[in-house]
Structure formats: C-alpha cells, structure tokens
Amino acid sequence: MLSETEKVRYDRQIMIKEIGEIGQERLKKSRVVIAGAGGLGSPIAIYLTAAGIGLIRIIDHDMVELSNLNRQILHWEDDIGKNKVDSARIKLQKINSEVKIETYCEKLTEQNVSFLLSGFDAIVDAMDNLATRYIINRFAVENNIPFFHGAVRGFEGRAMTILPGKTACLRCMYRGDIPQEKFPVIGVTPGIIGTIQATEVIKYLIGIDNLLINRLLLFNGLTMQFQEFRVLKNPDCDHCGSISRKE
Amino acid sequence: MPVNIHIHTTHRQYTDGQEVVSVEGKTVRECLNNLIKQYPKLEKALFAKKDKLHNNIEIYLNHASAYPDELSKSVKDGDEIHIVTMLAGG
C-alpha cells in the first residue's frame, strides 16, 4: 500500500495510465541493483530513486576523481577522494529518503558476483568495461534476472534489454576480447543512455510491453539520430545458448 | 541497384568523410572487398587478419545482426550494410 505522502510524491506518474497506483506499488516492492556509479550509473540511480524503487543497491569500487566530473553527475567537487558509492548514497537519500539505498565498495568479480547480485528483480549495467559486463551477463542469464545493458563512447551510445532465456543476451554477439581503453565521452551521452536504461527498468518492473528486447538501440549525438538493429538469440551462445528461462 | 554500406563515424576518416558508399557484391565479404578497393585504409580498421574482422566490428545487414559468419552472408541489390563499432564505456 502507498502512504498518503507517497501518493502525493508520485502523483504525476501515478496519473500515467500505464503506471497508476498498482504500478507505483510494484516499483515500491522492487529491488534493483546498479553495477557502477559512474557516467551511466549516475542518471540510472537518480531516476530510479526519484521514481520510488523500493531498494536500490549500488556497486562500485572506485573513488571520485576530478576527471570524472564532466559526466558522473552524482559526484561533485567536494566528493573528490571519497568512495563513489558513499558520494552516491548521500545524494540519492536527499532526492528520496523513502528509497532504501545499499552500497558496496567492491570490484565485481566472478568470485563475488553471486553475493552482490543475487535476489534482485533487475540488474542494470553501468560498467566501464566489457569483461565485467560479461561476468554480469552470465550471472543474469543463469539466474534468470533481467539485465539492462548500456554502453557509451564519445557522442555514441547503445542500450538493449535482456530477458534471460527469451531474448538475445549480451554475449550472443561475442566475437572475442576487446582491450579496455580510456574512452572519450561527453556527459550528455551517458545521460541519455542511462535514462533510457532507467526507463526500461521502470517499464519492466511495472509490466509495460515494448521493451528493447532483441533490439539494439544506437544513439549518435553528433547526428542526433537513433538507429535500431535486430539482434537474435544465438543458439551457440556460451552464456544463454543451452538454457531457457525458468518460470 | 548496388549495395549501400553505411560507414561508422570513426571510419569516415578513411572514406573521405563519406557516410554511405555504394558497392557491388554477392556476399558481405565481396562488398567489403570492393569497399576496401575504393578506400584501402579501411582494411586495417576493419580486419584483424584475412577473413577475420576486428572483435569490436559489428556488421548489420538490412538492420539485423549478420553475426555469426557475417562475411559469408548473401546480399542482393538494394541491401543495406551497416558497419558499427562495439562500445564498452560507461
């Protein structure tokens, strides 16, 4: 049940017929984990917190640096040297004190992925490298947890939603390792892609159709164009090829 | 009607800024070969070795992923090939 305060707080989104009080209650009951508190993680966390997700866990092992501030809008000048998850938690609790914010200042690895990501309704990709994304992808697929992918470089970004067993996963197009790089980026790009990911999470949790499943959405800020490409589940995928979603 | 290859932003430095290049070919590989004949510097940008694209290069044929075995996929006149680079930043 929503409290009277919550009904006022979320009035404008409860007015949306696809959400309503039932949808808002679903958001309140939901548990979402965001892997990364940087460029993508900032808008994802801000909008999911504002929307009234019940519990949000944020995982990041980095500290705030001056060079983060052009895009990682959860972190401010005073936060330089602090753990990103601490910086994030303070801001998010000021946005919405009704949301429970859990933080882990840890690097996601194959050893701790189960501990950090188990028991959630949705996993959101806000990582800065492919290797960790594949660790998360495998865990999400094997544990039947929807995974909301996003990535950026420069003015370009992409997003795709993965429903394990039903749709293509991040690994379905795996061609081999790509070296990690110091990637160029302007803050508006993760702002747009992270906001798309948060939109997808909200839609999924409420039960709204037309997710970005089997659809890779590309954004090019230089030409201000979106493109969409169809991606199919790869039967030979080493992450999702041989399993089906547990109902 | 030829096949149109849409060049990714990062590769347009090798195509004199051309966003779309028209080529002939019956497979993706033939089309890319003919693209490289026009713009030889693209070869190193696209291929790690003969018949092996770089791991970060994705090919979409008529707005659908051509993976796996994308180079051997058949194409016909009027088809659209998009060359896209994978992104990993966050």
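Colleague: Where is Asp16(B) found in chain B?

Modeller: A friendly note first: this is a predicted model, in which local features need pLDDT of at least 70, side-chain atom pairs count only at pLDDT 80 or more, and totals for chains, interfaces and linings use all residues. Residues are numbered from 1 along each chain as its sequence is written, chains are lettered from A in the order in which they are written, and side-chain values use heavy atoms, leaving out hydrogens and water. Strands here are DSSP runs of E with at least two residues, and helices are runs of H or I with at least four, numbered from the N terminus. Asp16(B) is found in the loop between β1 (3–6) and β2 (20–23).

Colleague: Is Asp16(B) buried or exposed?

Modeller: Buried means under 20% relative accessible area, exposed over 50%, and partly exposed in between (1.4 Å probe, protein chains only). Asp16(B) has a relative accessible area of 67%, so Asp16(B) is exposed.

Colleague: What is the phi of Asn144(A) near?

Modeller: Asn144(A) sits in the loop between α7 and β5 (147–153) of chain A, and counts as buried because its relative accessibility is 19%. Its phi is positive, in a residue other than glycine, and is near 60°.

Colleague: Which residues does Asn137(A) touch?

Modeller: Asn137(A) belongs to helix α7 (residues 130–142) of chain A, and is buried because its relative accessibility is 0%. Contact means heavy atoms within 4.5 Å. Not counting residues up to four places away in sequence, Asn137(A) touches Phe147(A), Ile162(A), Cys169(A), Leu170(A), Arg171(A) and His239(A).
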